[in-house]
Each structure stands twice: as C-alpha cells, then as structure tokens.
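Q: Please take a close look at one part of the structure below. Then place that part within the rest of the chain, giving cut-offs for the terms used.

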Amino acid sequence: MNKNIIQIFEHQVLKVNSDNKFSERHFNALKNYGYKTGEKYYSVGHKRIKFSNYVGVIQVKNLTIEILPKADSKDNNEESKGKWHDALISMLQECKLIKLSSISNAKLKLKSASILDLYYEAFLTETEKIVRQGLVKSYRNISENLNKVKGKINFTKHTLKNYLHKEKFFVEHKVYDGNNKFNQILLKALITLERLSNNPKYLIRIKKLLLDFEDVREKNVTSSWFKTLQYSRNSERYKYAVTLSKLIILKYSPDLKGGKEDVLAIMFDMNMLYENYIYRKLKVLQNDTKIPITKVRGQNRQPFWETRGLRADIVIETESDNFVIDTKWKVLKSKTPSDDDLKQMFVYNLHYDSDLSILLYPKTSLDTNDKKPFRNFKFQDKNCQLAFTDLFDADGGSLDKRLGYRLYDELLKKEIESI
C-alpha cells in the first residue's frame with residue numbers, strides 16, 4: 001500500500017502524528033472541512049478526528065485516508081484492513097457506484113490501489129474514451145461585436161455600443177462547437193484532478209486530455225448543472241463520466257483561506273450501502289424460476305398518515321405472502337434488539353400484511369447461527385426475527401457471491417414452503 005495512505009475503520013479515531021503521516025496541517029484542513037459540512041462524516045476533537053458511519057476515501061493534499069467498513073471491533077490488523085478494503089470496493093461495484101469493468105486489469109489493482117485511485121482511473125479512462133470518439137458538439141447562441149454582419153443585428157445593443165464605430169455590428173448568431181455543459185463538466189473535473197493528484201502518471205494523462213478541451217471554457221459547475229442535464233443519443237456516452245465528474249467536483253473543497261490543503265471526500269453512508277447491497281443480492285432471486293419469489297422491492301415507501309410515509313428497506317413478495325427485511329449495520333451489545341426496532345417491525349407486519357419481518361444485522365463475534373424469533377402475544381401470526389449474516393464466503397477472504405441464495409436458505413425458504 002502507498003506510504004501516503006492511512007487505512008482506518010469506521011467509528012475509529014485518528015490522532016495527529018499518531019503514525020507520522022497525519023500531521024497538524026492535515027488535521028486543520030479536515031477541521032475546516034468538517035465544520036463546513038456540519039461534521040457529517042466525522043466529528044472534530046482536540047487534534048483528533050473521530051469517524052462516523054460513513055465509509056469511503058478522503059484526500060487531504062498528499063495524504064489519502066481510507067475509511068473502511070467493519071462489522072466487529074476485533075482483528076484490527078493489516079490483514080483485516082486489506083480484507084475490508086477489497087470488500088468495500090466489491091460492494092461499491094455491486095451497488096453500481098463504481099465500474100471496475102472500465103478499468104484495465106482492475107483485479108490486479110485491488111490489492112495495491114487506493115479506492116481513490118480507482119475513481120481517478122475510471123474517470124480518466126472514460127474521458128479518454130469520449131475524446132477518442134470525439135467530443136460532443138452542439139449549437140449555441142452567441143452575441144458579439146464584429147466588423148461584418150453575421151446572423152442578425154441586435155439593434156438595441158448595436159446603437160448603444162457602436163454609435164462611434166460605424167464599421168462594427170453587434171450581432172447574434174449560432175455557433176457549432178464543443179463548448180457545452182457536458183464538456184465543461186469534464187473540463188472542470190480534469191482541472192480539479194490536476195490540482196489534487198500527486199501521481200505523475202495521472203498528471204501526464206490529464207495534461208494530454210486538457211489539450212482536447214482548449215476550446216471549452218471553464219465554468220463554475222454547481223449541483224444544479226447535473227439536475228438540468230438532458231441526454232441525447234449523441235451524449236448518452238457521457239453518463240458515467242459525468243457521474244464520476246459529479247463526485248469529484250461536488251465533493252471537492254479548496255482551502256480558500258490558506259490555499260494549501262485541498263480536500264476531496266468521496267463518502268458513503270454505510271447503513272445505506274449495506275441496505276442497497278443486501279437488496280441487490282436478494283433481487284436476483286425473483287428471476288430464478290426454482291424459487292417461489294415473485295418480486296423483491298427496495299426502499300418501498302407507502303402513505304402512512306397524511307403527508308407522512310412508512311418505508312421498509314426490502315419487501316419480498318410471494319403469491320400468497322409478504323416478508324419484510326430491515327437491514328441494520330451496527331453491532332449489538334446483546335442478542336436483543338431495541339424496543340423501537342421491534343415496534344417498527346410490528347408496524348411493518350401490519351402495514352405490509354406480512355407474517356414475518358426480519359431484522360438483519362451483519363455477523364459479529366457476538367452471535368451464533370441461531371435465529372431468534374420475537375412473537376407478539378396479541379397477534380400470534382405476526383412475528384419478528386433477529387438474524388445475522390456473514391457477508392464473506394466460507395474461506396472468509398472475499399464477499400460471498402451467492403449471498404442472496406444463502407439468505408433465502410437460512411431465513412426464508414422454510415417460511416415460504418410452509419405457506
């Protein structure tokens with residue numbers, strides 16, 4: 001692993017000079033960024049940063065900090081960090097938050113590359129592909145003062161500007177070029193990376209790409225740009241590059257005061273990532289004709305009262321019943337869920353007409369393979385079940401590719417077949 005990379009687990013603390021990498025200047029940059037973002041990704045203490053439930057990567061000038069997920073507090077060693085580093089990349093890929101297929105020899109890079117390197121590599125590869133195919137061009141309106149008539153004369157502005165210059169004409173006309181929002185977004189991301197990257201190989205590629213954007217004007221790209229983009233058949237190929245550009249541009253925060261410590265944070269809520277990952281693993285079951293599941297729905301929100309709604313993480317439908325799964329990315333201190341969680345699951349049972357709702361936690365050293373049911377004494381047919389799942393395969397080194405099928409066998413098969 002690169003010497004300028006620090007790997008740390010979620011909810012852990014990083015102290016100044018704790019490993020001779022995280023200096024006070026890095027801390028000050030993160031402190032300013034933390035205050036700017038409302039300490040969303042971490043909390044700031046006295047010369048220390050305590051990370052929250054967000055995972056991903058933060059770059060502070062020449063230092064890259066990877067915040068890794070972890071379902072348990074034991075085995076805080078390099079082997080464990082490597083395992084969860086690869087697991088996080090696989091989860092991001094499964095949830096379509098990064099495409100490793102666009103990166104050459106991606107599998108060889110997993111062990112050595114930082115998560116940030118993969119995003120940089122993916123963006124540069126996609127942009128190079130677009131440049132080879134040709135930058136998209138479009139018509140745009142332009143107003144300018146010329147020595148000849150081109151298009152139509154704007155008489156109001158012509159009169160104001162040229163009453164002393166009879167040889168000029170203030171005209172409005174259309175031009176066909178590459179100076180449009182799609183290319184301006186890519187240009188802004190390239191300029192941002194040029195400022196951030198310390199990798200000579202990336203800098204060479206960036207400078208080469210910038211030559212193809214000489215006719216594109218740099219703009220202040222904001223979040224509103226991405227909301228108003230409309231893709232055509234010609235610009236559809238920009239979609240993934242624009243998605244990566246959005247991450248780079250909107251998650252970048254220059255130190256305007258000091259001008260020294262730029263910060264780029266690409267972070268993901270681990271609760272949402274875990275939920276999305278489990279949903280995608282279960283989603284494949286609805287296409288298997290051997291399994292009696294008709295539909296797997298994620299983040300299913302239904303009206304509950306007036307403008308308020310009720311949202312279950314995952315709803316699994318069969319021809320005769322529904323099952324609700326609520327994912328919880330946290331470590332229980334005992335094998336007993338909170339009263340609020342149980343009440344929430346009971347409401348899910350009633351609202352979604354389900355006989356079984358499952359609280360699904362990641363497996364830790366606390367639990368066994370046993371499932372623990374919680375039954376309601378008044379509504380005997382409405383059950384809640386506490387369950388734990390190991391995300392990794394039998395060898396424990398990689399994420400289980402057949403996790404959805406294992407969850408079906410362990411949690412649902414017996415219940416569905418007994419209906």
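A: A residue counts as buried under 20% relative accessible area, as exposed over 50%, and as partly exposed in between, with a 1.4 Å probe and protein chains only. The model is predicted, so local features need pLDDT of at least 70 and side-chain atom pairs count only at pLDDT 80 or more, while totals for chains, interfaces and linings use all residues. Residues are numbered from 1 along each chain as its sequence is written, and side-chain values use heavy atoms, with hydrogens and water left out.

Helices (H or I, at least four residues) and strands (E, at least two) are DSSP runs numbered from the N terminus. Lys 47 sits in the loop between β3 (42-45) and β4 (48-51). Its relative accessible area is 36%, which means that Lys 47 is partly exposed. Although Lys 47 is not a glycine, it has a positive phi of about 55 degrees. Most residues other than glycine have a negative phi.

The loop between β1 and β2 holds His 11, which is likewise not a glycine and has a positive phi of about 70 degrees. His 11 is partly exposed because its relative accessible area is 44%. Gln 12 belongs to the loop between β1 (5-9) and β2 (13-15); at 25% relative accessibility, Gln 12 is partly exposed. A contact means heavy atoms within 4.5 Å. Not counting residues up to four places away in sequence, Gln 12 touches Ile 49, Lys 50, Phe 51 and Asn 76.

Now the rest of the chain. The protein chain has 12 helices and 17 strands, and buried residues make up 48% of its 419 residues. Of the contacts between residues at least 6 apart in sequence, 66% join residues at least 24 apart.

Two further strands supply side-chain to backbone pairs. A polar contact is a pair of N or O atoms within 3.5 Å; within protein, one must be able to donate a hydrogen and the other to accept it, and residues adjacent in sequence count only if both atoms are side-chain atoms. Asp 177 is in strand β9 (residues 169-177), and a polar atom of its side chain lies 3.2 Å from the backbone nitrogen of Asn 179. Outside four places in sequence, Asp 177 is in contact with Val 136, Lys 137, Ser 138 and Arg 140. Asn 322 is in strand β14 (residues 322-327), and its side chain reaches the backbone oxygen of Tyr 352 at 2.9 Å. Beyond four places in sequence, the residues in contact with Asn 322 include Ile 316, Glu 317 and Asp 353.

Among the helices, α10 (residues 270-283) has buried residues including Met 270, Leu 273, Tyr 277 and Leu 282. At the start of α10, a side-chain oxygen of Asp 269 comes to within 2.9 Å of the backbone nitrogen of Asn 271. Leu 342, in helix α11 (residues 339-351), is partly exposed, with a relative accessible area of 23%. Its C-alpha atom is separated by 7.2 Å from that of Cys 384, 42 residues away along the chain.
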